[in-house]
Each structure stands twice: as C-alpha cells, then as structure tokens.
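Q: Please go through the labels attached to this model and say what each one rests on.

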Amino acid sequence: MYNSSMNNMNIEKNNSNIIIQKQFTAAQKLAKLGSWELNLVDHTQIWSDGVYAILGEEPQSTAPSVEAFMSYLDEPDQIKVQTAMQNLIAGVEEFDIYHNVKTKDGRVRNVHARAELFFDENNVPIKIIGTVLDISTHIKLQEETKKSMNILNSVIDNVNNLIFYKDTNFVYMGCNSSFEKFLGHSREEIIGKDDFSFFPQEVAEHFRDLDEKIFENKEAVFNSQWVTYPNGQEVYLHTTTSPFYDENGNIIGLVGNAVDLTKEQQLNDKLNHQAHHDVLTKLPNRILFSDRLDHAIEKAQRNEDIFALLFLDLDRFKHINDSLGHDIGDYVLQITAERIKKVIREGDTLSRLGGDEFTIILESISKATDASLIAKKILKVIRKPIHIFNHELYLSSSIGISLYPEDNRVARNLLKFADSAMYKAKDEGRDNFQFYSSDMTDKALELILMEANLRQALEKNEFIIYFQPITNAKTNRLVGLESLIRWMHPEKGLIPPDKFIPLAEETGLIIPIDQWVMKQAMLQVVDWYKEGLNPGLLSLNMSSLQLKGDEFIPFIEDLLKSTNCNPEWIQIEITESQIMKKPEEAISILNQVSALGITLAIDDFGTGFSSLSQLKRLPIDKLKIDRSFVKELPNDEEDVAISKAIIALAKTLDLHLIAEGAETIEQVNFLMNHGCDYIQGYYFSKPLPQKEMREYIIKHSQQIIENTKNFVI
Ligand SMILES: Nc1nc2c(ncn2[C@@H]2O[C@@H]3COP(=O)(O)O[C@H]4[C@@H](O)[C@H](n5cnc6c(=O)[nH]c(N)nc65)O[C@@H]4COP(=O)(O)O[C@H]3[C@H]2O)c(=O)[nH]1
C-alpha cells in the first residue's frame, strides 16, 4: 500500500516535472532564450531546447559541449566567450557579453549571453549556469532606427535652412550643420545648452519670450529679424518655430526652421528706400514726408508739444535750370539739401517734395520763434555763393512756416498753410520767411531786429552795470554785491535783463555779453579796493553756455591777471537749472573755477531739480534762495515750508545761504529767525548804478577787509 502510494506520488511528481519542463521550454522558445549548464568537475554540459533553437538545430541533435558551441562562433567571438568564461571563473568580471552565432544555413544571430558561477559547500566552483538570448530582431530594429535617423540627419544637414530643436526647458536637443555653422559651435557643444550661452543677453531674452509664447499658445511663432553671426556677418532670418509632441500628444519641445532672407530683405530695403527717397538728394520724398508729418503730429499730441513746418522754395530756380541746364540745376539742389542739413538738428526731417520745393519738420523747438531763428539761418546758408564751372551763382529762398497746433492740427492743412506762407514770402520780395499767421511774423521780425540791436549794443557800448548790495541782516553791514546788467537803449531807454538775456542765450551772444560784464565789474571792484573801500564779495552771473566751452578757464585766468583782481574777491553764480542741463560737464568746469580760488554759488535755488547726491558733488560754497520763495513770506505756508527746507539743507551740506528778493521787514525777520542772515533785496537796496553804489559802500561797509570769501560774520 505504502509502496503503491509512494509509486503513485512519484508518478505524479514526474508528471508535474514534465509539465513544468514543457512550460519552461515553451517559455524559452517564446522569449528566444536558451539556458545551459557546464559542470566544472566532469566538464559535461546541458543545453536547453532554446540553445539548440538559437543555433538553428533540432533539440538534442548535437552533444552539448564548449567545443560544439564554439563551432557556431567566428574567431573573435570565440575569444570573447573564452575570455569571459575565464574571467568569470577567476572572479574578475561578470559574464555579460554580446556576440553573434552563425547557424548552419549561414544566418547570423545576435546573442546576449550571461552566466553565473556556482560553488560547493567548500567554496570550490562546481558549475556555471548561463543563458543566451536571441536579440537579432531587437538589433535589427535598432539598426533600422539608426539608419533612418542617419537619413533624417543627413536630410536636415543638407537643408540650407537653420534647423534646431529644444526641449521644454528651452535647452537645445539637436540641430543641423547650418545651425552649427551659424552659431560657430559644434552640435556637441550646442546640445544641453540654451540661448544664453550663445547670444547677447537681450537677444537671448527675445528668443526666450518667443519660445515661451509657443508653449503658452501651443502654436507656431513666426519671427523675422536681423541677426549677427559670431563672425560679425549680418543676416536677416525668418524663423518659424513650432511645438512638437510625444505619442500621447504632450508637447515635448519645439523645432525651429530659419530661412536666410538677407538678399530678399536687402532688395526689399532698397526698393523701400527708393520708394521713399528722392534719387537726386537722397532726402525723404513726398511719401515719407507725409508719414513723418503724421508721426510728428501724433507725437506732439501725445506730449502736448509744439512743432513747426517750414516750406522752402528756391527763388528763380527755373531761371538757373533754363539758362544753365539741368545738370547745374541738379547740383544746386544737392548743395541746397546739404546746406540745410547742416543748420537743422538730427531729429528734424528735411524732405524734397519735388522740383525746388523742400520741407522741414522742426520738432526740436520749444517756442514758435525758434522756428524763425532756424529759418533765418537757412536763408543765410542758401545765400552763400555756389561756385560751379567758373560760374558764381547767387541764390536765395523763400520760406513759409506753419505751426502745430497753433495754426492747425491736420497734416494736410499744415502743409497747405506753410505753402501759402511761402507765397507770402515771395510776395514780400523773396529771400525772407513768413509765418502763416502774420502776428507770428511780426513777433519773429521783432526778435530778429532785437538780435541785431543786441549785437550793435555790444559794439556801441550800450550796456551798463548796476550793483545790488548783499547785507548781513544781523549787523546791517554790506558783505558783497551782485553785478546786474542793464541795456541803455538809445530810443527805448533802460531795458531790464529779463527782456534781452533769454535772446542773448539763444543766439550765443550771452558769452561776449557776460565776458564784458565780468571785465567791467572786476575793474570797478578793483578800483574800489584801491580807493580803500570794502565792497565785499563781487557776485557775477555766468551763463551755462560758458560751461560748454573749454575757453572759459583761460579767459577768467587772463581776466583776473589783466584786471589785477584777487580771485578771492569774486563769486560766480550759476542757476540750478543750468547746471542740471549737463551736470557732468558743469561739475568738471566748476571744479576748475573753484580751484582758481573763486567762490561758487547756486542761483535761483529751489527752482531746478538737483538731487542731494548731485549737490554734494558740486564744488559750491553758497545757495541763493530764489526770490519766488521769499515773496510771500511769512504768510504763505508752502513758501514757509520750502524756505525752511532749503535752510535746513544748506546747514546739512555746510553751505552758506543768501536769500534774494526780501522787500519787507517781516521777510527779513523770518529769514534771520530761521538762520539765513545774508540777504539781497529791495528792503536793503535796489540795484544801484556805479556812483550810488560807491556811496552805499562808504556808508555800509566795514573798514577792515576780513574773511571776504565767506562774508563778514
Ligand atoms: N522784485 C524784486 N526783485 C529783486 C529784489 N531784490 C533783487 N531783485 C532782482 O532779482 C534779480 C536777481 O538777479 P538774478 O537772480 O541773478 O537774476 C538775474 C540774472 O539771472 C539775469 N542777469 C542779470 N544780469 C546778468 C548778467 O550780467 N549776466 C547774465 N548771464 N545774467 C544776468 O537777469 C536776472 C534778472 O536781473 P534783474 O532784473 O537785475 O533782477 C535782479 C534784481 O533786481 C526784490 O527785493 N524784489
């Protein structure tokens, strides 16, 4: 019973072993896997059916042995297997190799072979169990993929366009050789980096913005722009960049395709330029002029600015053309264009509408009469003779001016008005300008007359100097005086500086005028000192135009020498707003003035926009509180606050203070109570002519000259 049940059990066990074995064989077949075992003691081998299948043999058709297996391998693979086996037994390396087997019918199979060493209880190696996996299909697939990738790469490499692709972090995943050439880097150097590694910051940021848009909107972006190659070559690229997706439809990157449209763009630019410019003078033509005029209107509207439109026509140009020929006529037009260009600013637009008609859009003016000053300059340069082929041509022009917005806000009307003003100029005898509005013409003519008169005034010595005392209010003593110019006009009488200084500044005449004042005032002060009088510190006004030239320092040095004036007797005043026009230039020249020993004061303080940090950099000794803040003291709260703030600021910066324009005892008391003792104003004295000033000095100054530079304490 027992035996029979044991037998039954053995039979059952055998049956189940057979089933497992069958399943194992089937599984190996499916997986294209074979397994083998090598007994290291008796050198016998077992091969599974899978091994036979991989070798292309029927199961058990050959007795398994190392030699038998090796016969399916070519020599290099035999060496590879042998070495792997030896290394495994020596414990040097794992057995994990790839090799080929060649079946009897000549087919080659790719195999991945792995094996492991087993030991007995004494740690002696007794067997190796290994597997061979047929990976031929996999390898074939890999090769095919590689082949298609090579074809694809070769295709994109042979496309002239620049092709690149990036991942979702904007990092390059690949590119073609045109792109390599463009960046001047190899593919290996490009892959893994982003645009910031290759382009200037702002270009890379621009590309990043475009790329972000693609991911955001999930659609292609088109971009055309000039880009510079690393070798400096400029190209116009039109780039289409689109997203690309994985098999699940998720965006995994973007691909860019850039076409070099440099030639097309250059042609386009050329045609565009030709369409918008006059061939003869290279100036904007009527089309571009219209466009610029529209822009000027838009800009002026936005900024609430004014601008002028000048319409210029050469006088009797037809006569030149008819009598001397078109070549000379063309030359005259070119010269005219060149000459006008020289007197207008860069931002102004000079156009040729056709024939001898030119227009100029003057956007750089701050007031209408500025346009007349420029018109006058243009008339003057056109009047200069033109020398050509032994001829000396004398030309003139007529200019009409319309103003935006004063005359009109519509482009068409502004042109029409400037044109009709130009005809008015022709009617007035040519070689002149006329505004569309006759009031403006009158104003401009008055201005021009005034300029001519100013010039004459300088030549004829019509200017005189007044002096206004500056007083230490505590002691009621004179500490200095400011020289103030007046114009003694032969017909109009005494003209105050406000009426002519701005024009003198505009025309540059202020420089000789100020130099004249400085000389006269110094000579006068030196005389007073010689007489034993003490006028205190002489304050001189200086225009910002002096700050621009490098002639001021040698001029003042010479003047001090020639007048015998001690630099310590002099204070130069410059207004805050003038310094702030070009602070760097001002700082440099004021430092040189200060180095001569001359005191520096900021005039009209509080009306400009200097910052504390800029103030600290200026080599100044004093601030003059503008009289507009003193006028309503002590009643106006705002003026009280401003003057207190200026006084506090001067204390912080360790600067002396002078208040201008004090007319009442209340103003003087307020200023004194708040720590400002030096006062210039009608309360003490109006500006006085030289004779009266002398008497004032005698009455109010101290006998002994002490500490002039920082006033008498
Ligand atoms: N209402 C009133 N006014 C007072 C009082 N105290 C003084 N003033 C006036 O305030 C002005 C002070 O001169 P500023 O601020 O340098 O202002 C000067 C200065 O910027 C300029 N200026 C005068 N002379 C010259 C000069 O020779 N060269 C330059 N570049 N500018 C000068 O002309 C401006 C005006 O000069 P002025 O008419 O002489 O006017 C003077 C003076 O007469 C007062 O209590 N009440």
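The questions below set computed values against their definitions.

A: This is a predicted model, in which local features need pLDDT of at least 70 and side-chain atom pairs count only at pLDDT 80 or more, while totals for chains, interfaces and linings use all residues. Residues are numbered from 1 along each chain as its sequence is written, and side-chain values use heavy atoms, with hydrogens and water left out.

Q: What makes the pairing of Glu 482 and Asn 541 a polar contact?
A: Their side chains are joined at 3.0 Å. A polar contact is a pair of N or O atoms within 3.5 Å; within protein, one must be able to donate a hydrogen and the other to accept it, and residues adjacent in sequence count only if both atoms are side-chain atoms. The side chain of Glu 482 also makes a polar contact with that of Lys 624, at 3.0 Å.

Q: What makes Lys 104 and Glu 57 a salt bridge?
A: The closest N and O atoms of Lys 104 and Glu 57 are 3.4 Å apart. A salt bridge is a side-chain nitrogen of Lys or Arg within 4 Å of a carboxyl oxygen of Asp or Glu, so the pair of Lys 104 and Glu 57 counts as one. Lys 104 is in the loop between β3 (95–102) and β4 (108–119), and Glu 57 is in the loop between α2 (49–55) and α3 (66–70), 47 residues apart. Lys 104 counts as exposed because its relative accessibility is 66%, whereas Glu 57, at 18%, counts as buried.

Q: How many salt bridges does this rule give?
A: The count comes to 26 salt bridges. One of them joins the side chains of Arg 694 and Glu 531, at 2.5 Å from N to O. That pair links distant parts of the chain, 163 residues apart: Arg 694 is in helix α26 (residues 690–700), and Glu 531 is in the loop between α17 (510–530) and β21 (537–541). Arg 694 is partly exposed because its relative accessibility is 30%, and Glu 531, at 43%, is also partly exposed. Elsewhere, salt bridges that share partners join Glu 482, Glu 573, Lys 624 and Glu 660 into one network.

Q: Why is Glu 304 called exposed?
A: Glu 304 has 74% relative accessibility, so it counts as exposed. Glu 304 is in the loop between α10 (286–303) and β11 (307–314). Its phi is positive, about 50°, although Glu 304 is not a glycine.

Q: Why is Asp 654 called exposed?
A: Asp 654 is exposed because its relative accessible area is 68%. Asp 654 lies in the loop between α24 and β25 (656–660). Its phi is near 60°, a positive value in a residue other than glycine.

Q: What makes the peptide bond from Leu 633 to Pro 634 cis?
A: Omega is near 0° for the bond from Leu 633 to Pro 634. Pro 634 is in the loop between α23 (627–630) and α24 (637–652).

Conventions. Helix = DSSP H or I, 4+ residues; strand = E, 2+ residues; numbered from the N terminus. Buried < 20%, exposed > 50% of the residue type's maximum accessible area, 1.4 Å probe, protein only.
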